[in-house]
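Subject: Structure for you to look at

Hi,

Here is the structure I said I would pass on.

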Amino acid sequence: MIQLNINGRSHQVDVEPNTPLLWAIREQVGLTGTKYGCGVAQCGACTVHMDGAAVRSCVIPASAAVGKKITTIEGLAKGSVLHKVQKAWVDHDVPQCGYCQTGMVMAVAALLQDKPRPTDADIDATITNICRCGTFQQVREAIHAAAKA
Amino acid sequence: MANAIVHVPATAMRGEIIEIKALVRHPMETGFRHTQLGKPIPRNIITQFVCTYDGTEILRATLHPAITANPQLVFTTVATNSGDIEFRWSGDHGFSLTEKAAIVVQPQ
Amino acid sequence: MEPADVERDQRRDFLMTAGRVAGGLGLAALAGQAWATPETMQSAVRRVAGDSALRRGKVRLSIPPLVENGNSVEITVSVDSPMTATDYVKSIHVFTEKNPLPEVIGVSLGPRAGRARITTRIRLADSQQVLAVAELSDGSFWSDSADVIVTLAACLESLI
Amino acid sequence: MDQSLNLSRREFLISTAAVGGGLALGLQLPFGVNAAIAADVVPEVNAWVVIRPDDTVVIRVARSEMGQGTITGLAQLVAEELECDWSKVSTEYPTPGQNLKRNRVWGAFSTGGSRGIRTSHEYVRQGGAVARMMLVQAAANQWKVAASECSTADSVITHQPTGRTVTYGKVANAAGKLPAPDVKGIKLKDPKDWKIAGKSMKRFGAAEKVTGRQVYGFDLKLPGMVNAAIMECPVFGGKLKGFDAAKVSGMKGVKKVLRVGDTAVAVVADTWWHAKTALDALPIDWDLGANAKVSSASIAADLKAGLTASQAFVGNKSGDIKTALAGAARTIDAEYAYPYQNHACMEPMNATARYTPDKCEVWVPTQDGEASFAAVLEASGLPADKCEVYKLDLGGGFGRRGAFQDYVTQAVRIAREMPGTPVKLLWSREEDMRQGRFHPVMQCRMTGSFDANNNLTGLHMRLSGQSILASVRPAIVEKAGGKDPATFQGVAESGEHSLGYTFPNMLVDHAMRNTHVPPGFWRGVNINQNAIFLECFMDELAHAAGEDPVAFRRRFMAKHPRNLAVLNAVAERIGWDKPAPMGLHRGIAQMKAFDSFVAAACEISVEGGNKVKVHRIVAATDSGYAVNPAQIERQVAGSFVYGLSALFMQECTVKDGRIEQENFHSYNSMRIAQMPRVESIIMPGGGPIWGGVGEPTICVAAPAVLNAFFKATGKRIRSVPLKNHGIEMV
């Protein structure tokens, strides 16, 4: 049993210490907005915030998240009020299949926390999530829109 | 690897309707295919299947290329008396195969 | 056909069907012959039933309404018959309207079968109607049919 | 209209074309039948339209949503004819079981070949129109007036003479009880009068997707559910010999270790992580079979021999190529190659099944619910009335999830071993990469001949490589005398993939060289390689003739005005007639695919001879009609990400009979930093044929970029991916 703080709530989770945080979140806590895409930190579909920083939860042992504040996509909005990144995503009709988008949104939310008005170069350097549908053009527009919001 | 697989109950009551399964390994090459070099592949199918029970024909089937590879047939017969149930497949290129299964029939 | 070609293709073609390419030469290949049509299926039925009327009923054809690729489809034909010495099913035939040939299988049976019911696996080249016909000992012909959809490959349907 | 409504219920014979070719069963599609499914739950006007008392509208769509926007587009078409308030529309999937019970009222479920909209637009619009007529009739009956005196707009029916109004929701129940009018008498709207269709409506579901509320197959939770991880023999054609279950059965959460068919082994556990961990630890004994000797090199050698083989299937032919080549003043030739590629959908393959002897239910992201249903019938052994498939939106499809239902069969087989317990089968990324249905390998030898005046006199395109249909739909190949007609996509004589040029003497032929690697339909299918072969070689020919690539192409396009129109459109937009900006180099390509005409022109820069930046791509699409321009733009830009990832980075190589690339580290995909600016020109040309959108443009990006690379460096790159040439996308 380990204790995880996810979206402001404490969860007792029955996992082996080396279970990836991703699977603890999905299968123990039951939050499935954080996606499995590769399991080797390549695609970013599993991105969550750990103490405010974007991390790829598929390669972080659950034990390494103990004592940290984890935020998943389910915890990004304030109640029914969407986070500005989510709102920009809806306004710009970004998602196609949508599977990678929760990870993308989390990565962008962390970027804007860090750099409220990111340049294209900032975006290129920081947002390295894979999207096979190819939403990147709308993603870029929506990032700039969210930054202005 | 057996070329034919037949399922016949080892024993049955006289008058009982028993289920028989008969499967034979065979490509059932349709004669409609070509090699990837464009040459027609000659037909090679089983054309006839005959089942006899203690020497009496109980079922005969004519097969066409639409029957899948390793053709199988499931059918029934009335258990009459102890003896051999014989299966005979024949087809293109002189193909011929026989398989037998014994059944013990008990009086009711 | 050169044996070398056969062997070469045998190696490569294993995905095409579960079958092997036979090495022997003998029957001329039938390729290029026109495929079955609803009309040729009717002719094939007539070769079996002659001028007799084909009545609906008594026969039950069980086949899945949807199949993935048609490479191997289980069918069962059963006929409502007491299978007595005087009232029995003489034969069961299966036909298709869009396979290369209309005939699929013809089975002769009799009262010794106890029950008029056969099961086998067939190939379906395309979505089509499958027809089962039974001849009874009184010389009457009965039938049942079923439409089967071969859920075609997701792309490229128009090539057929 | 009154008269037709008084007729007893008519049945509508849908054309075979509308169901998507081939299915020439003469399906009787009754509209307005309100018996079966939903009658007990919601007021159904007809199969397509449900309207609740609060005026909210549910439109039922059979095709699958995988990010391409087809659900939104089809709903727009229904809503257009229904004349309903778009803000009140939502959608739902009917199930394949319901479709079967209702005589396939929703037509085919197959969502591939860019046909989601183009092969069903007519009957879905008719479905909307019929529903509207029934609603109007219900209102007219209530008012005791003639239906012809009533008009509709935004879900409101108005009796013109008196100005009385009623909303759809108030009469939907009564409308559902009326007989459906004969669709033959219905005149569908002219697209120029469209108010909902043809507009850039937003996709359904964006909010769910960005909040994590959207439930994909991977996310499904059912009471009492267990999870399964699976491994199939990594060598195609190999078999499972055995496994040592005892080694893992004591591991945490493990419930069962079992054989799945002849080729796979699965571990079932309380969680997927436990199942996967145990599977990784499971000793497995494979019978690899003869294919374990096959390698990429042996496959390539085999294909190479096909380039000069004497036998080949003729796909397209004009004039006399032999004489043209023999009499040429000069010939040039070039050999091209295209590799195996995996779909790599972001959501790996999965399916959830619950089996009892009385019922088998499957939840699955699928491009063809009916193909999934067929797989359930076969794997469960149960009759159709005891099976059901529930579709979930797909986390990517790209052709992997339509014709192939291997994961459904596996899930049902596992569930049969645990009756009553729902089993969620998830593939790992590694399994997904190993067990693909791969873009086929193809090599090509292009030969062109010129006369003494530098006129092109002949073109020979010799393809050598794998046939998809020989493996997937052998019946088509049998019928074609051994030829795979799909191999000639984009260079065919006629049809939806006809060649966009007329050459004086030409031969396109295919030396079929099949391998043990299972091929599949990969977004765009065979246009991906054919566009590279043809459009790059057209550039080579233009260069050899000393002519501008666009001017050279135009010589052969007089009989192909719509191809020419898209080519001209991109040339004009990118400024082809003017020099490219400093440091930028341009390339261009065009093709007709899936009945749409597409062209692309790009601008790239190349640093250090190998660092390629694609700055801008202008793309033109003439799909006949444009149901949702914004979604077309997204499909075009997205297709370039898929296609350029393939061009620069992606190859599945074969070693010891198995695929070597097992994850994104060795099978990379474009990131946002590499994304060019994509400008879409949507230029619907009308006419009787509707073209597809999801796939066509994918094929023109790669040759345009390769042609620009030549412009920049003087080097012709003739094999994919470019990483093998030390070229990277920056």
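Below is what turned up, starting with the cavities and then moving on to some helices and strands. One thing to keep in mind as you read: this is a predicted model.

**Cavities**

How many cavities of 30 Å³ or more does the structure hold? There are 10 of them. The largest cavity has a volume of about 540 Å³, and 36 residues line it. If you want to find its centre on screen, look for D:Gln68, D:Ser114, D:Gln635, D:Val693 and D:Gly694, which are the lining residues closest to that point.

Two helices of chain D, H3 (70–82) and H20 (629–649), each give at least two residues to this lining. H20(D) supplies the largest share, with 3 residues. And what sort of residues line the largest cavity, by class? The lining counts 21 polar, 11 nonpolar and 4 charged residues.

Next, go to helix H21 of chain D, residues 698–713. With 16 residues at 1.5 Å a residue, H21(D) should span 22 Å, and its end C-alpha atoms are 24 Å apart, which agrees. Is H21(D) largely enclosed or largely open? Buried here means under 20% relative accessible area. By that cut-off 13 of its 16 residues are buried, so the rest of the structure largely encloses H21(D).

**Parallel strands**

Now for strands E18 (residues 359–365) and E19 (residues 387–392) of chain D. They pair in the parallel sense, over 6 bridges. To see the pairing, find D:Trp363, which stands opposite D:Tyr390 in E19(D). E19(D) is mostly covered, with 5 of its 6 residues buried. Together with helix H12 (residues 369–380) of chain D, E18(D) and E19(D) make a right-handed β-α-β unit.

**Antiparallel strands**

Strands E24 (residues 585–593) and E25 (residues 596–607) of chain D run antiparallel, and 9 bridges join them. What do E24(D) and E25(D) form? They form a hairpin, with 2 residues between the strands. In that turn, D:Phe594 has a positive phi of about 50°.

Cheers

How values were computed:
Residues numbered from 1 in each chain as written. Chains lettered and ligands numbered in written order. Predicted model: local features only at pLDDT ≥ 70, side-chain atom pairs only at ≥ 80, totals over all residues. Heavy atoms only, no water. 1 Å grid on protein atoms, 1.4 Å probe; cavity = no way out; pocket = protein on both sides within 12 Å on 5 of 7 lines; lining within 4 Å. Points joined across faces, edges and corners; volume = space filled by probe spheres on them. Helix = DSSP H or I, 4+ residues; strand = E, 2+ residues; numbered from the N terminus. Nonpolar A, V, L, I, M, F, W, Y, C, P; charged D, E, K, R; others polar. Expected span 1.5 Å × (residues − 1). Buried < 20%, exposed > 50% of the residue type's maximum accessible area, 1.4 Å probe, protein only. Pairing = 2+ DSSP bridges. Right-handed = clockwise from strand over helix to strand, strands pointing away.
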